[in-house]
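I opened this structure to look up a few places in turn. My notes follow in the order I made them.

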Amino acid sequence: MIFKDYIRRWVQLDPVRFHGLHADMISARMGMTLEQYLWRTVRVALLSGVLLAVIGYFASLFLSFQVTTGKAGITNVFNIQMPVLFNQVYPAEYIQALVVVAAFLIGAYAGYALMLRLPAIEKGSRSIKINLTLHNAVAYMYAMRRGGAQLMTIFISLSDRANIYGEVALEFRQIVRDAEFFGYDVVSAIRHLSETTPSEKLKMFLEDLLSVIESGGDMAEFLSTRVRLYQEEARFEQRQ
């Protein structure tokens with residue numbers, strides 16, 4: 001609990017430092033607050049540090065045994081004078097302690113750096129998945145609009161078909177959540193998704209969709225145009 005309070009104060013003192021991480025977490029749909037993720041990051045860093053320190057200890061122990069028993073086959077070719085530190089009665093203990101400390105620091109840093117990069121990696125992965133199925137989702141929206149369905153009905157229907165449209169359906173589920181549970185109107189919900197989606201392609205589609213809605217344009221014509229555009233892009237990418 002003390003560590004969680006410290007992390008909360010750490011974030012409050014320097015919020016700009018973690019702004020990018022927080023944005024990546026939202027786009028990756030991590031499902032936790034920034035403080036919770038940083039607390040998990042600290043635990044993973046400590047665990048990876050301890051794990052690497054244990055490995056380093058046994059590795060140094062094994063190497064020390066090989067050297068002292070003459071099984072390692074290591075010879076001082078250049079006749080280098082070893083430091084006085086290693087000429088004491090128990091030189092192996094000094095080396096092992098140094099290896100353990102260094103391994104712990106390296107492991108902790110590697111775990112911390114990896115956890116800070118993980119949301120950005122997940123964000124990039126989701127962006128690729130969204131782009132791969134966006135043309136199919138837009139075609140589905142166009143078919144429903146031609147059938148006379150309202151915009152919110154289209155979003156609800158699309159978000160219920162995650163088994164078909166994958167990450168795109170999960171993204172549109174954010175619009176449904178904002179409208180039904182957080183009291184957003186449809187325009188505000190679409191704008192919020194355009195600001196948080198990891199896909200630039202979906203972001204541009206939503207921004208153009210907002211322009212059509214706010215100007216009172218023909219929704220079916222807009223979707224029809226985008227279906228043809230995205231299908232051409234999909235065919236080109238498949239040929240590539």
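I started with Leu61, which I found in helix α3, residues 34-69. I kept in mind that the model is predicted. I then checked how open Leu61 is: its relative accessibility is 35%, so it counts as partly exposed, since that class lies between under 20% for buried and over 50% for exposed.

**Helix α8**

I moved on to helix α8, residues 186-196, and listed its buried residues: Ala189, Ile190, Leu193, Ser194 and Thr196. I looked up what these buried residues pack against, and found α2 (19-28), α5 (151-159), α7 (167-181) and α9 (200-215). At the N-terminal end of α8 I found Asp185 as the cap. A side-chain oxygen of Asp185 lies 3.1 Å from the backbone nitrogen of Val187.

**His135**

My last stop was His135, in helix α4, residues 91-146. Is His135 buried or exposed? I read 15% relative accessibility, so His135 counts as buried, the cut-off being under 20%. I then went through its polar contacts. A polar atom of the His135 side chain lies 3.4 Å from the backbone oxygen of Leu132. The side chains of His135 and Asn136 are also joined by a polar contact, of 3.4 Å. Leaving out residues up to four places away in sequence, I recorded that His135 touches Tyr230, Gln231 and Ala234.

How values were computed. Residues are numbered from 1 along each chain as its sequence is written. This is a predicted model: local features need pLDDT of at least 70, side-chain atom pairs count only at pLDDT 80 or more; totals for chains, interfaces and linings use all residues. Side-chain values use heavy atoms; hydrogens and water are left out. Helices (H or I, at least four residues) and strands (E, at least two) are DSSP runs, numbered from the N terminus. Buried means under 20% relative accessible area, exposed over 50%, partly exposed in between (1.4 Å probe, protein chains only). Contact means heavy atoms within 4.5 Å. A polar contact is a pair of N or O atoms within 3.5 Å; within protein, one must be able to donate a hydrogen and the other to accept it, and residues adjacent in sequence count only if both atoms are side-chain atoms.
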